[in-house]
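Work through the exercises below with the model open. Each task is followed by a worked solution.

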Amino acid sequence: GRTPGEKSAVGRGAQGHRPGDLVAGPSRPPLAGEVRVTLGVRQSVHARMTPYMRGAVRGRAKTEIAQAGFELERGFLEKAGLDLSGASQADGAGGAESAFFTPDFMVHYLAYMAKQQDYPLFHKALPILGRDGTLVDIQKNTPAAGKVFAKTGTFDAYDMLTKLIMLTIKCL
């Protein structure tokens with residue numbers, strides 16, 4: 001209950017909050033946390049939100065927020081000297097129908113990233129074959145276990161004819 005003379009939360013209004021009233025607020029985890037969530041535990045929803053977050057926060061967009069995020073990404077890739085004719089993307093998770101990357105683009109992208117200051121952060125976030133993350137139960141007792149760092153990718157589609165899930169993509 002309220003103490004005598006205390007207004008209800010509704011009566012206090014948005015500006016009348018007491019310090020103890022706050023139960024949640026905006027937060028921005030460090031880059032290492034963002035990368036670990038996206039790569040390590042394969043959080044596709046988190047990845048899908050990345051263009052929106054970049055567009056809103058870094059790009060300060062008020063409209064066409066995802067497009068603003070992709071504009072920032074394009075600028076980064078162009079500055080890296082990558083040939084964008086081998087890349088197509090329409091969401092942050094790579095599940096859009098137009099999400100395609102040629103092997104040549106990926107090799108050049110990974111080579112560029114390996115030279116960046118943040119590379120150890122990304123490398124550390126990747127699941128490790130037979131040891132960690134989405135690869136913890138894969139090839140545990142092989143010579144490659146503990147030596148392969150990779151991002152998994154799996155997509156499926158519902159088949160209404162057979163009422164089954166059809167695996168459409170499974171990759172590292």
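The chain has six helices and four strands; helices (H or I, at least four residues) and strands (E, at least two) are DSSP runs, numbered from the N terminus. This is a predicted model, in which local features need pLDDT of at least 70, side-chain atom pairs count only at pLDDT 80 or more, and totals for chains, interfaces and linings use all residues. Residues are numbered from 1 along each chain as its sequence is written, and side-chain values use heavy atoms, with hydrogens and water left out.

**Exercise 1. The chain as a whole**

Task: What pattern does the chain follow along the sequence, and what percentage of its residues count as buried?

Solution. Step 1: read along the sequence. The pattern is α-α-α-α-β-β-α-α-β-β. Step 2: apply the accessibility classes. Buried means under 20% relative accessible area, exposed over 50%, and partly exposed in between (1.4 Å probe, protein chains only). Of the 172 residues, 17% count as buried. Step 3: turn to contacts, meaning heavy atoms within 4.5 Å. Among contacts with a separation of 6 or more, 30% join residues 24 or more positions apart.

**Exercise 2. Salt bridges**

Task: How many salt bridges does a search of the whole structure find, and which residues are linked in a network?

Solution. A salt bridge is a side-chain nitrogen of Lys or Arg within 4 Å of a carboxyl oxygen of Asp or Glu. Side chains of opposite charge can pair when their charged atoms come close. Step 2: search the whole structure. Three salt bridges are found.

Step 1: take the pairs in turn.
- Glu-71 pairs with Arg-74, with the closest N and O atoms 2.8 Å apart. Both lie in helix 4, three residues apart, about one turn of the helix.
- Glu-78 also bridges to Arg-74, at 3.6 Å between the closest N and O atoms. These two residues of helix 4 are four residues apart, again about one turn.
- Asp-137 and Lys-140 meet at 3.3 Å, N to O.

Step 2: join the pairs. Glu-71, Arg-74 and Glu-78 form a network of salt bridges.

Step 3: check accessibility. Glu-71 is partly exposed at 34%. Arg-74 is partly exposed at 38%. Glu-78 is partly exposed at 46%. Asp-137 is exposed at 60%, whereas Lys-140 is partly exposed at 42%.

**Exercise 3. A charged residue without a partner**

Task: Where is Asp-91 found, and which side chain of opposite charge is nearest?

Solution. Step 1: locate the residue. Asp-91 is in the loop between strand 1 (87-88) and strand 2 (100-101). Step 2: assign charges. Lys and Arg count as positive and Asp and Glu as negative; His and the chain ends are not counted. Step 3: look for a partner. Asp-91 is buried yet has no salt bridge; Arg-48, the nearest side chain of opposite charge, is 4.1 Å away. Step 4: list its contacts. Leaving aside neighbours within four places in sequence, Asp-91 touches Arg-48, Pro-51, Phe-70 and Ala-96.

**Exercise 4. The second largest pocket**

Task: Which element gives the largest share of the lining of the second largest pocket?

Solution. Step 1: identify the lining. Its residues include Gln-67, Phe-70, Glu-71, Arg-74, Ala-87 and Phe-101. Step 2: assign elements. Helix 4 (65-79) and strand 1 are the elements that give two or more residues to this lining. Helix 4 gives the largest share, six residues.

Conventions: On a 1 Å grid over the protein atoms alone, a cavity is a set of points where a 1.4 Å probe fits but cannot get out, and a pocket is an open set with protein on both sides within 12 Å along at least five of seven lines; lining residues have an atom within 4 Å of a point.
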